[in-house]
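Morning, everyone. Please have a look at the sequence and the model on the screen.

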Amino acid sequence: QRRECVACQEGRAEEPALICDACRDDPQTTVLGAGFALRRAQQKLHHFAAICSECIGHGPSRSASGPDDIECVSLDCPTMFARVKAANKAADAQRLVEIVQDELG
């Protein structure tokens, strides 16, 4: 069976592989793309985490040890939901980097 390539979302990977032939043929671009995606996702996450830290009174100098350590009590806050979404995207990007490293090693 064939599935969507996890690296480019355009090519089709032959199971059990997760990366298409085009991405395999250009591993440097594939690895860089995964790294840039991770960096962008982490930057967004830290941006929203800083806003949340300020809101709960930690401030920039006393921010929580990580984005998951922020205990927000406002369940209708759009920033909290943006932070959670950014955390999920960062986790997905981290998994992508790991998959690329495993498959292209």
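Start with Ala7: because its relative accessibility is 24%, Ala7 counts as partly exposed. That class lies between buried, under 20% relative accessible area, and exposed, over 50%, with a 1.4 Å probe and protein chains only. This is a predicted model: local features need pLDDT of at least 70, side-chain atom pairs count only at pLDDT 80 or more, and totals for chains, interfaces and linings use all residues. Residues are numbered from 1 along each chain as its sequence is written, and side-chain values use heavy atoms, with hydrogens and water left out.

Where does Ala7 sit? In the loop between β1 (2-4) and β2 (12-14). Helices here are DSSP runs of H or I, at least four residues, and strands are runs of E, at least two, numbered from the N terminus. What does Ala7 touch? Leaving out residues up to four places away in sequence, Ala7 touches Cys23, Thr30 and Leu96. A contact means heavy atoms within 4.5 Å. Leu18 is 11 residues from Ala7 along the chain, and their C-alpha atoms are separated by 8.1 Å.

Now the overall layout. The protein has 3 helices and 2 strands. Along the sequence the pattern reads β-β-α-α-α. There are 105 residues, and 29% of them are buried. Take the contacts between residues at least 6 apart in sequence: 47% join residues at least 24 apart.

Next, α3. This helix has 27 residues and reaches 38 Å from first C-alpha to last, close to the 39 Å expected at 1.5 Å a residue. That expected span is 1.5 Å times one less than the number of residues. Buried residues of α3 include Met80, Arg83, Ala93 and Leu96. The buried residues of α3 pack against α2.

Last, the largest pocket. A pocket is an open set of points on a 1 Å grid over the protein atoms alone, where a 1.4 Å probe fits, with protein on both sides within 12 Å along at least five of seven lines; lining residues have an atom within 4 Å of a point. The largest pocket holds about 150 Å³ of space. Which residues line it? Ala37, Arg40, Ala41, Lys89, Asp92, Ala93 and Leu96. α2 (27-55) and α3 (78-104) each supply at least two of the lining residues. The largest share, 4 residues, comes from α3.

Definitions and conventions: Grid points are joined across faces, edges and corners, and a volume is the space filled by probe spheres set on the points.
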